[in-house]
Amino acid sequence: MGHHHHHHADSSTGKIKTAFFLNICFTIIEIIGGLLTNSMAILSDALHDLGDSLSLGLAWFLQKFSNKDHSSDFSFGYKRFSLLAALINSVVLIVGSTFILFEAVPRLLNPVTPNTTGMMLLAILGIFVNGAAVIKLQGGDSMNQKVMTWHLLEDVLGWVAVLIVSIIMTFADVPILDPLASIGITLYILYNVVLNFIQTMRLFLEGVPKNINLEDIIHKINAIDNVVSTHHTHLWSMDGENHAFSTHAVVPADADKEEVCRVKDQIKEIIHSIHLEHVTIEIEYEDEPCSISDLHEKSD
């Protein structure tokens, strides 16, 4: 299990690394192309790509850092550094999108006809490069990788819009389509990034992961034979992918060791489907102040 998880983490880091190099190389081409074609859509996308490249570089570094084993300073390990990258990247994307809107809106009042042939060639190249990066990143469960996928998907959609606009403007003189395309895609992506940002903040503040019903888990544990009650039941996430769980289960005062072990096995069975990195189950005897805490282990 440990080896498989380590391989999965290395794979995630490798995907972000590949996406970073694809993005930074294309950003340089894009800035030059935007200046040559005089296209607002391309220049605004180039600025966004530059922000994406910096974010991908940061994500690559923090994702790699998050794979380190736990230490005396970080007893849970470094998983949350991946979440930190997702948080920073979301903020970068929100700020970048807002800036693009401020730049594109004035162009609606004073549209300039760009070089449509150059736009078309850059758009085809943009769809190919950013599409390859999206395919490379897809399938990741961590918030960091999900936010990075949105970064790059935004660029693919942006280039599809640029391609459509450049084809239309080749046959019709409607330069206003250039800033309109830029604004439309930016607003669409901004909406999704804000949703991702809210979800990342929820995890960062140790909220229960959205796809898990903690009340249902508590109800199932309380229904186990020899469980009188439960308290201090907590479920939180390291990075959106790896979670931690703890609970205090109260058993009858006369419960023997075999019954206690059976209770713990049944609790582990209830939470088995969740990808848990850390599990703590504390058993307390009814009407007694002392407790035994003899399970603090990694789940299988």
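Predicted model: local features only at pLDDT ≥ 70, side-chain atom pairs only at ≥ 80, totals over all residues.
Residues are numbered from 1 along each chain as its sequence is written, and side-chain values use heavy atoms, with hydrogens and water left out.

Not counting residues up to four places away in sequence, T247 touches T230, H231, H232, T233, T280, I281 and E282. T247 belongs to strand β2 (residues 243-251), strands being DSSP runs of E with at least two residues, numbered from the N terminus. With a relative accessible area of 1%, T247 is buried, a term for residues under 20% (1.4 Å probe, protein chains only), whereas exposed means over 50% and partly exposed in between. H234, 13 residues from T247 in sequence, lies 6.4 Å from T247 in space, C-alpha to C-alpha.

F26 and W159 form an aromatic pair that is edge-to-face, at 5.7 Å centre to centre and 75° between the planes; rings of Phe, Tyr and Trp (its six-membered ring) pair if their centres lie within 6.5 Å, and planes over 60 degrees apart count as edge-to-face, under 30 as stacked and the rest as tilted. Because F26 lies in helix α1 (residues 2-37) and W159 in helix α5 (residues 143-171), the pair ties together parts that are 133 residues apart in sequence. Helices are DSSP runs of H or I with at least four residues. Both F26 and W159 are buried.

## L180

L180 is found in helix α6 (residues 177-204) and is partly exposed, its relative accessible area being 42%.

Conventions
Contact = heavy atoms within 4.5 Å.
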